[in-house]
Amino acid sequence: EDREFVFAEQPSDPEMRESVNTWVWDQGTDFGMPRIGVEAVADQWETHDIQFNLAFADGRVLNMFGTGKVHDPLGPDGRPRVLGAGPIEFELVKPFEHWKARIRGDANVTSIEAQIAGEQPGSGTGERAPIELEYDIRSAAPPWESGSLLEVAGRVLATQEEGDLMGGPRFEQLFRATGTLRVGDDEYPLDGGGLRI
């Protein structure tokens, strides 16, 4: 269970990485969120990288990329439960069973067509939209550690650069997602699932 808690302070190894990432889908067909995450690297500990992606069935895409000021990692009980930066925050409620996610900020507005044409994050029309998203992450299956299902995968991750690129040992877990998404004045219920890494 200790692996579920985040780092309480900057690690001494400058390459050490901490992250929480989710890929979320709604059981409806209106929207999906192909990546929401906070990435913390020890050598730049005062800011963490953030990413938020929201795609609608009508072709609209809203995203946030960049860095954000680090949130206090300590929860109400004094344990390091929060990994957050700027507009995005993940909070551990119960190890391997329940997390909460909160996003509040302005997202870049673009489209699937613009991305296919090569538009890079942060470029485009400059149009912005206010986003509010809160969702509960409730585990639907036990976690599995990358490389533990097949011997050859474990060997590759332990001895080749693929493991280093992934940030070292990590686990993944399927979950159910419920919450509320607001984009401007529009509100959407979220009832779906996802993958947490």
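1. Strand 5 and strand 6 run antiparallel and are joined by four bridges; strands here are DSSP runs of type E with at least two residues, helices are runs of type H or I with at least four residues, both are numbered from the N terminus, and two strands pair if DSSP finds at least two bridges between them. Within this pairing, Gly84 has Glu89 of strand 6 as its bridge partner. The hairpin of the two strands has two residues between them, and Gly86 there takes a positive phi near 50 degrees. Strand 5, residues 82–85, is covered on both faces, since Val82 and Gly84 on one side and Leu83 and Ala85 on the other are all buried; buried means under 20% relative accessible area, exposed means over 50%, and partly exposed lies in between, with a 1.4 Å probe and protein chains only.

2. A word on how to read the values: this is a predicted model, in which local features need pLDDT of at least 70 and side-chain atom pairs count only at pLDDT 80 or more, while totals for chains, interfaces and linings use all residues. Residues are numbered from 1 along each chain as its sequence is written, and side-chain values use heavy atoms, with hydrogens and water left out.

3. Taken as a whole, the protein chain has three helices and 11 strands, and from the N terminus on its elements follow the order β-β-β-β-β-β-β-α-β-β-α-α-β-β. Of the 197 residues in the protein chain, 41% are buried. Among contacts (heavy atoms within 4.5 Å) with a separation of 6 or more, 58% are between residues 24 or more positions apart.

4. Strand 11, residues 186–196, pairs with two strands that deserve a look. With strand 10, residues 171–183, strand 11 runs antiparallel and is joined by 11 bridges, and in this pairing Arg182 stands opposite Glu187 of strand 11. The hairpin of strand 10 and strand 11 has two residues between the strands, and Gly184 takes a positive phi near 60 degrees in it. With strand 1, the pairing of strand 11 is also antiparallel and extends over five bridges, and Trp23 stands opposite Leu195 in strand 11.

5. Which residues does Gly68 touch, not counting those up to four places away in sequence? They are Glu46, Thr47, His48, Ala85 and Gly86. Gly68 lies in strand 4, residues 60–69, and counts as buried at 8% relative accessibility. Its C-alpha is 5.3 Å from that of Thr47, although Gly68 and Thr47 are 21 residues apart in sequence.

6. Gln51, in strand 3, is also buried, with a relative accessible area of 17%. Its side chain is joined to that of Asn53 by a polar contact of 2.9 Å; such a contact is a pair of N or O atoms within 3.5 Å, where within protein one must be able to donate a hydrogen and the other to accept it, and where residues adjacent in sequence count only if both atoms are side-chain atoms. Leaving aside neighbours within four places in sequence, Gln51 is in contact with Arg35, Ile36, Gly37, Met64, Phe65 and Ile88.

7. The aromatic residues call for a rule: rings of Phe, Tyr and Trp (its six-membered ring) pair if their centres lie within 6.5 Å, with planes under 30 degrees apart counted as stacked, over 60 as edge-to-face and the rest as tilted. By this rule there are five aromatic pairs. In one of them, the ring centres of Phe7 and Trp45 are 6.4 Å apart and the planes stand at 50 degrees, so the pair is tilted. This pair links distant parts of the chain, 38 residues apart, with Phe7 in the segment before strand 1 (17–26) and Trp45 in the loop between strand 2 (31–41) and strand 3 (47–56). Phe7 is partly exposed, at a relative accessible area of 31%, whereas Trp45 is buried, at 14%. Phe31, Phe56 and Tyr188 form one aromatic cluster.

8. Arg60 lies over the face of Phe56, 4.0 Å from the ring centre, and the charged end of Arg79 sits over the ring of Phe5, at 3.7 Å from its centre.

Key. Lys NZ or Arg CZ within 6 Å of the ring centre and 35° of its normal.
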